[in-house]
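Good morning, and thank you for coming.

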Amino acid sequence: MPVYYSPESGADLERLAQQAGLSVEDVIALHSATEYRVYAIGFAPGFAYLGEVDPRIAMPRLATPRPRVPRGAVAIADRQTAVYPAVSPGGWNLIGLCPRRMFDPDASPTMPVAVGDRVRFEPISRARFLELGGELT
């Protein structure tokens with residue numbers, strides 16, 4: 001899955017790095033170096049719970065959820081990571097944006113992942129993110 005990791009696309013990236021005692025680049029490297037298993041799909045259609053993140057970047061959910069998380073937000077909560085499939089409330093730590101749609105009712109299949117699949121994130125540039133149809137809010 002392509003991800004545009006940056007403070008522009010991940011509101012919590014710098015805070016997570018600081019709290020973990022790592023650089024932003026280290027957080028990106030750790031998050032993108034792991035192959036994640038799809039544990040479950042729930043909360044919303046296409047919301048795949050992926051695990052497990054490196055313990056150095058595990059971070060608890062926010063004390064107060066945001067009323068609006070953008071579609072495509074890549075996030076961490078405890079030892080899990082996910083891509084928000086649609087705009088929704090959410091309390092996970094946002095670290096980037098993925099331009100790929102996680103749920104499309106008009107596509108076949110409707111989701112690019114299924115329970116048991118393995119997922120790896122690939123850092124991409126801002127330009128590539130926009131080229132792939134990503135949207136910055």
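The side chain of Ser-32 reaches the backbone oxygen of Ile-28 at 2.8 Å. Ser-32 belongs to helix α2; helices here are DSSP runs of H or I with at least four residues, strands are runs of E with at least two, and both are numbered from the N terminus. Ser-32 is buried, its relative accessible area being 13%, where buried means under 20%, exposed over 50%, and partly exposed in between, with a 1.4 Å probe and protein chains only. Leaving aside residues up to four places away in sequence, Ser-32 touches Tyr-5, Arg-120, Phe-121 and Pro-123; contact means heavy atoms within 4.5 Å.

Please note that this is a predicted model, in which local features need pLDDT of at least 70 and side-chain atom pairs count only at pLDDT 80 or more, while totals for chains, interfaces and linings use all residues. Residues are numbered from 1 along each chain as its sequence is written, and side-chain values use heavy atoms, with hydrogens and water left out.

On the α1 side, Leu-13, Glu-14, Leu-16 and Ala-17 meet Val-24, Val-27 and Ile-28 of α2. By class, this contact comprises six nonpolar, no polar and one charged residues.

Next, the loop between β1 (2-5) and α1, where we find Asp-12. Asp-12 is buried, with a relative accessible area of 5%. Its side chain joins that of Arg-66 in a polar contact of 2.7 Å. Beyond residues up to four places away in sequence, Asp-12 touches Leu-62, Arg-66, Trp-92, Asn-93 and Leu-94.

Finally, strand β3 (residues 48-51). Both of its faces are covered: Ala-48 and Leu-50 are buried on one side, Tyr-49 and Gly-51 on the other. Strand β2 (residues 35-41) pairs with β3 in the antiparallel sense over four bridges; pairing requires at least two bridges found by DSSP. Ala-40 has Tyr-49 as its bridge partner in β3. Strand β6 (residues 80-83) also runs antiparallel to β3, joined by two bridges, and there Leu-50 stands opposite Thr-81.

Methods: Nonpolar A, V, L, I, M, F, W, Y, C, P; charged D, E, K, R; others polar. Polar contact = N/O pair within 3.5 Å; in protein donor to acceptor, adjacent residues only side chain to side chain.
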